[in-house]
Amino acid sequence: MKTSFEIRRESTKMGFEQSSIRKIYRQWAKTYEWLTPIYLLGNEAKLRQKAIRAINLQPNQSVLDLACGTGRNFPLILDQIGPQGRLIGVDYTPEMLIQVREKVSRHQWSNIQLIQGDAANLQLEYQFDAILCTLAMSVIPNYERALERMLAHLKPGGWISISDAQLSSRWYVRPFNWIGNLMGWSAAADISRTPWKRLSTLVENSSYQELFFGFFYIASGQKAGF
Ligand SMILES: C[S@@+](CC[C@H](N)C(=O)[O-])C[C@H]1O[C@@H](n2cnc3c(N)ncnc32)[C@H](O)[C@@H]1O
């Protein structure tokens, strides 16, 4: 039988339960578009640009945006892959998908497909040239499994990037980590996770960059076998 300490440690590691996450993002769906820039303290554009630059997109490629939310990466991705490229957005929360569906139809983007599903159980029939996941590795309960599923859906030689908020390891800002924790907690995010460490062991040509005193990271790499 597990001790209460073990149970507590496990639940911290797993973060929020999926049902609570769904409830939080159901409430946030309509305000996500204007709340996100505030939450990211002026770093949103840079974070997204770097995450997308890291996957080396080319015209006509296929891209998976995992836990796509309201599709805030979509314009940047479409700029790179063009109208002949193919973009698939997957998210668990139906209310977030309602928002992104409206956005897709408003912009008349015709090369986007949206799918409701759990990143940790991702099972699509095709592989992608590139896959990214922004601001969600800290949220997805079984993020380690989600990382494995991302790699399984990547073509050999394809690029993957994950980027998110994290606790800073820089001594001079560490006293402010509690603010990051608090903001993360309100967004159902466990920002103590470091999935980039695992990613670097699974890919080739891995890279890691930080933003804003180390409170954000962008990690990327290329699937072996090309
Ligand atoms: C902070 S938002 C990030 C959204 C988007 N990637 C962005 O950069 O704006 C986290 C997203 O993760 C989604 N999510 C949570 N658990 C998930 C899961 N198991 N599978 C897929 N998406 C999930 C939520 O619905 C929410 O849209």
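User: Which residues come nearest to the ligand?

Analyst: Tyr32, Ala67, Asp91, Thr93 and Thr134, out of 20 residues around the ligand; a residue is in that group if one of its heavy atoms lies within 4 Å. Bear in mind that this is a predicted model, where local features need pLDDT of at least 70 and side-chain atom pairs count only at pLDDT 80 or more, while totals for chains, interfaces and linings use all residues. Residues are numbered from 1 along each chain as its sequence is written, and side-chain values use heavy atoms, with hydrogens and water left out.

User: Which residues lie by a nitrogen atom of the ligand?

Analyst: Alanine 67 has a polar backbone atom 2.6 Å from a ligand nitrogen. Aspartate 118 has a polar side-chain atom 2.8 Å from a ligand nitrogen.

User: What's the make-up of the shell around the ligand?

Analyst: Twelve nonpolar, five polar and three charged residues. Nonpolar covers Ala, Val, Leu, Ile, Met, Phe, Trp, Tyr, Cys and Pro, charged covers Asp, Glu, Lys and Arg, and the others, Gly among them, are polar.

User: Which helix gives the most to that shell?

Analyst: Helix 2, residues 18-28, with three residues. Helices are DSSP runs (H or I, at least four residues), numbered from the N terminus.

Definitions and conventions: A polar contact is a pair of N or O atoms within 3.5 Å; within protein, one must be able to donate a hydrogen and the other to accept it, and residues adjacent in sequence count only if both atoms are side-chain atoms. Helices (H or I, at least four residues) and strands (E, at least two) are DSSP runs, numbered from the N terminus.
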